[in-house]
Amino acid sequence: MIVRLVLLFIFVFLGYTVFTALLRMLGGGSSSSSRSADPDRMVPCSQCGTYVPETEVIRKKIRGEHYQFCSKECLQDFKHKS
Ligand SMILES: [Zn+2]
């Protein structure tokens with residue numbers, strides 16, 4: 001009887017382990033990998049071409065197009081130029 005209980009326990013434990021592993025695979029590891037901006041990623045300024053960290057870039061949508069700038073000055077220059 002005890003052996004049966006131990007076997008049942010092992011079976012349930014293995015089943016649970018496989019189940020959670022499958023869930024993690026199906027979820028695509030969304031919990032472990034954050035989707036926030038990568039601080040190491042550099043993006044070019046649409047005005048002067050200077051590369052700035054993605055976390056500090058200024059994003060603007062101008063006439064339906066998406067632009068990114070290294071500073072407010074570049075944003076103003078870009079608006080005046082075009
Ligand atoms: Zn710039």
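The questions below concern a zinc site and an aromatic pair in a predicted model. Local features need pLDDT of at least 70 and side-chain atom pairs count only at pLDDT 80 or more, while totals for chains, interfaces and linings use all residues. Residues are numbered from 1 along each chain as its sequence is written, and side-chain values use heavy atoms, with hydrogens and water left out.

Q: What is the geometry of the site of the zinc ion?
A: The zinc ion is held at 2.2 to 2.3 Å by the SG atoms of Cys45, Cys48, Cys70 and Cys74, where donors are N, O and S atoms within 2.8 Å of the metal (3.2 Å for Na, K and Ca). Four donors count as tetrahedral if all angles lie between 85 and 135 degrees. The angles among the four donor atoms here are 105 to 114°, so the site is tetrahedral.

Q: Is Cys74 buried or exposed?
A: Buried means under 20% relative accessible area, exposed over 50%, and partly exposed in between, with a 1.4 Å probe and protein chains only. Cys70, at 25%, is partly exposed. Because Cys74 has a relative accessible area of 9%, Cys74 is buried.

Q: Which kind of aromatic pair do Tyr67 and Phe78 form?
A: The structure holds three aromatic pairs, and rings of Phe, Tyr and Trp (its six-membered ring) pair if their centres lie within 6.5 Å, with planes under 30 degrees apart counted as stacked, over 60 as edge-to-face and the rest as tilted. The rings of Tyr67 and Phe78 lie 4.5 Å apart, centre to centre, with 50° between the planes. The pair is therefore tilted.

Technical notes. Four donors count as tetrahedral if all angles lie between 85 and 135 degrees; four count as square planar and six as octahedral if opposite donors are over 155 degrees apart and all others between 65 and 115; anything else is irregular.
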